[in-house]
Amino acid sequence: MYYNVGGKSLKLMSQQAEVAYIGLGSNLDDPMQQVQTAFDELAILPAIRMVAKSGLYRSPPVGPADQPDYINAVACIQTTLSAEPLLDALQGLEQAHHRRRIRHWGPRTLDLDLLLLGDQVIQSERLVVPHPQLTKRRFVLQPLMEIAPDLVIVGLGPVSVLLAQCPQMDLISVP
Ligand code: A4P
Ligand code: MG
């Protein structure tokens, strides 16, 4: 594609934008505020456009029980970033929220998981997409269903079917 800029004809890389879904979670230092702030920060990252934000959901911790309840949500974005630069951007935001990795599945100020990136299936050292825990987690599927009820997940099927099959948990929508 060519653009006329100041009388010069410039060839720009036409990068394909992909639709991606990001899972947000927090259970420390005002989790609702952490998630709301993360939505805003995600929206202004370079090469990312916010498409939709789910509501917030509260649930007891999955994994170690001696930690506070979680607030979770899902964002739909459009991005020209490929998978690893997108993960770098998400981890940069986690760091900005003073996330310290102390314990696997332990408490965190902000967790950003790349749930889906278009129809890409990725299995690298740093990244597994679709996110491997996606189908087991109602706190991910419920907000995903809220913003993308017709979504069909590559290799897994319709989000509505996955949600119906997912074990019940104590998950409440918070205003
Ligand atoms: N990684 C691989 N694939 C991905 C992906 N699709 N998205 C790698 C993001 N990261 C991915 O992540 C560890 C490494 O996973 C990253 O460096 C990246 O290269 P982490 O966030 O540092 O590690 P973690 O805490 O050990 O594990 P993880 O998998 O993020 O934990 P989860 O699965 O997010 O679980 N209960 C409720 N109710 N709500 C929650 O949100 N969250 C957890 C944490 C536990 N219990 C919960 C919740
Ligand atoms: Mg994570």
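Modeller: Let us begin with a definition: two residues are in contact if their C-beta atoms, placed from the backbone, lie within 7 Å. Keep in mind as well that this is a predicted model. With contact understood in that way, the buried residues of α3 pack against β3, β5, β6, β7 and α4.

Colleague: What makes α3 largely enclosed by the rest of the structure?

Modeller: A residue is buried if 20 or more other C-beta atoms lie within 10 Å of its own. In α3, 8 of the 10 residues are buried, and therefore the helix is largely enclosed by the rest of the structure. The buried residues are Arg138, Phe139, Val140, Leu141, Gln142, Pro143, Leu144 and Met145.

Colleague: What is in contact with Tyr70, once its neighbours within four places in sequence are left aside?

Modeller: Tyr70, which lies in strand β6, is then in contact with Gly25, Ser26, Asn27, Pro31, Ser59, Pro61 and Phe139.

Colleague: How do you know that the buried residues of α1 line one face of the helix?

Modeller: The buried residues of α1 are Pro31, Gln34, Val35 and Ala38. Seen down the axis of α1, they fall within an arc of 95°, so they line one face of the helix. On the other side of α1, Gln33 and Asp40 are exposed, while what covers the buried residues includes β3, β5, β6, α2 and β7.

Colleague: What span should the 13 residues of α1 have, and what is the distance between the end C-alpha atoms?

Modeller: At 1.5 Å a residue, taken for one less than the number of residues, the 13 residues of α1 should span 18 Å, and the end C-alpha atoms are 18 Å apart, so the two values agree.

Colleague: What puts the buried residues of α2 on the same side of that helix?

Modeller: The buried residues of α2 are Leu86, Leu87 and Leu90. They cover an arc of only 100° around the axis, which puts them on the same side of α2. These buried residues pack against β3, β6 and β7, whereas Asp88, Gly92 and Gln95 are exposed on the other side of the helix.

Colleague: Which residues touch the most other members of the largest nonpolar core?

Modeller: Of the 37 residues in this core, they are Ala20, Tyr21, Ile22, Val74, Leu114, Leu115 and Leu144. The largest share of the core, 7 residues, comes from β6. Tyr21, with its neighbours within four places in sequence left aside, is in contact with Val74, Cys76, Leu115, Leu116 and Leu144.

Colleague: What makes the backbone of Asp30 and Ala47 worth a remark?

Modeller: Most residues other than glycine have a negative phi. Asp30, in the loop between β3 and α1, has a positive phi of about 65° although it is not a glycine. Ala47, in the loop between α1 and β4, has a phi near 70°, which is again a positive value in a residue other than glycine.

Colleague: Which peptide bond is called cis?

Modeller: The bond from Val129 to Pro130 is cis, with omega near -5°. Most peptide bonds, by comparison, are trans.

Conventions: Residues are numbered from 1 along each chain as its sequence is written. Chains are lettered from A and ligands numbered from 1 in the order in which they are written. This is a predicted model: local features need pLDDT of at least 70, side-chain atom pairs count only at pLDDT 80 or more; totals for chains, interfaces and linings use all residues. Helices (H or I, at least four residues) and strands (E, at least two) are DSSP runs, numbered from the N terminus. A residue is buried if 20 or more other C-beta atoms lie within 10 Å of its own, exposed if 12 or fewer, and partly exposed in between; C-beta atoms are placed from the backbone. The arc is that of the directions from the helix axis to the C-beta atoms. A nonpolar core is a set of buried Ala, Val, Leu, Ile, Met, Phe, Trp, Tyr and Cys residues joined through C-beta atoms within 7 Å.
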